[in-house]
Amino acid sequence: MLPWTALGLALSLRLALALSGAERGPTASAPQGDLLFLLDSSASVSHYEFSRVREFLGQLAAPLPLGPEALRASLVHVGSRPHTEFPFSQHSSGAAVQDAIRTAAQRMGDTNTGLALAHAKEQLFAEAAGARPGVPKVLVWVTDGGSSDPVGPPMQELKDLGVTIFIVSTGRGNLLELSAAASAPAEKHLHFVDVDDLHIIAQELRGSILDAMQPQQLHASEVTPSGFRLAWPPLLTADSGYYVLEVALSAEQGTARREQLPGNATGWAWAGLEPDTDYDVALVPESNLRLVRPQRLRVRTLPGEAGPERIVISHARPRSLRVSWAPALGPAAALGYHVQFGPLRSGAAQRVDVPAGRNSTTLQGLAPGTAYLVTVTAAFRSGRERAMSAKACTPVGERSRAPRPPPPGAGGPEP
């Protein structure tokens, strides 16, 4: 009788430990979240470009810690109609996701990116569709730059849900529109890269994705000169209490702004803040059922110095093109600009300095039929710089032709 009692106690102990581990979930250091790849699969993308992007996404996903209680991945095609290649719940390892991406077929059709974003919000990221509440959510959109329908409104709806947006453009996109679509700051979430050079950004982008997935406590994102977005894991429920959220200038006392939020809230966006300023944030859970410790954070808004907001390429010739940009105005006007340019296929770059008050220059000595990366950088009195890049292509010039020999009998000296 005694051996069976001991065996029963041992099994009970193992079951209790297993249940305890299940209740605890993954360790705090294990990233947990939902990662959605939005792939331009329309007819505007060549078969070669599609294969290169597909290979890049596979390489990006393979080393990620994917699993049911860690990261989950999904792939949605952009075409005339959105198509889900696989949902979050289908694959439980990086190798399985990599294999599924590599076998995905191009859908062709129009580039209705806005429709695909709405599909992602309603069918994948929504809790009613099975999405996990309270975990970080990231969208990686790989595009050749164009869309047949509006992208801004559905992208903003995803941001309002707390989704972090990364954009990888192969260089033919509208820089202003893509910068607005990506999460702020755009220089950390928007990549312009030639389709043959995607591997260059793989490690950096993977690290950024893991950073966005890592926080399991109060954290800030979408930091701008005038505000930021806060997010936190579900500490309460709608029936168990509420939150008091405070934000105050770090250098002053008694100037806190407060918001009372329901217990099922997991995010809030602050606006109307001062640029280049430290703010102390406190999230105070209020509950009569159990004690939940407050969480605190310090966030610094970005400087108010704004660099070029838009780059326009015009007057493209085989060996020259004109670059214009929206200048930095106001009290923090730029002291001057410098324009760097070089072929995408090589690392060599040239620089042209442009004085304050001018917002354009003509680049000379270019090669015909060549893709260039052009970067305009504004320099400010504080010593900081703000830059923006765009891709430009010179047209193919007139090819010199060797004189053709005259046909027989067309005159000329006799042999």
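Reply: In this predicted model, helix α5 (residues 152-160) has P154, M155, L158 and K159 as buried residues. They cover an arc of only 150° around the axis, which places them on the same side of α5. Among the elements that cover these buried residues are α4 (113-123), β4 (137-143) and β5 (163-169). After α5 comes G162, with a positive phi near 95°.

Me: Why is S250 called buried?

Reply: Buried means under 20% relative accessible area. S250 has 19% relative accessibility, and therefore counts as buried. S250 lies in the loop between β9 (242-249) and β10 (257-262).

Me: What makes the pairing of the S250 and D280 side chains a polar contact?

Reply: The pair of N or O atoms must be within 3.5 Å. The side chains of S250 and D280 are at 3.2 Å, and they make a polar contact. A further polar contact, of 3.4 Å, joins the side chains of S250 and R298.

Me: How do you know that β16 and β19 pair?

Reply: Pairing requires at least two bridges between two strands. Strands β16 (residues 336-343) and β19 (residues 371-379) are joined by 8 bridges and run antiparallel, so they pair. F341 stands opposite V374 in β19.

Me: What makes β17 and β20 edge strands?

Reply: The open sheet has 4 strands in the order β17-β16-β19-β20, with antiparallel pairing. β17 (350-355) and β20 (385-393) each have a single partner strand, so one side of each lacks a neighbour in the sheet. From one strand to the next, the twist averages 20°.

Notes:
Residues are numbered from 1 along each chain as its sequence is written. This is a predicted model: local features need pLDDT of at least 70, side-chain atom pairs count only at pLDDT 80 or more; totals for chains, interfaces and linings use all residues. Side-chain values use heavy atoms; hydrogens and water are left out. Helices (H or I, at least four residues) and strands (E, at least two) are DSSP runs, numbered from the N terminus. Buried means under 20% relative accessible area, exposed over 50%, partly exposed in between (1.4 Å probe, protein chains only). A polar contact is a pair of N or O atoms within 3.5 Å; within protein, one must be able to donate a hydrogen and the other to accept it, and residues adjacent in sequence count only if both atoms are side-chain atoms. The arc is that of the directions from the helix axis to the C-beta atoms. Contact means heavy atoms within 4.5 Å. Axes are lines fitted to C-alpha atoms, for helices over the stretch in contact, and angles run from 0 to 180 degrees between N-to-C directions.
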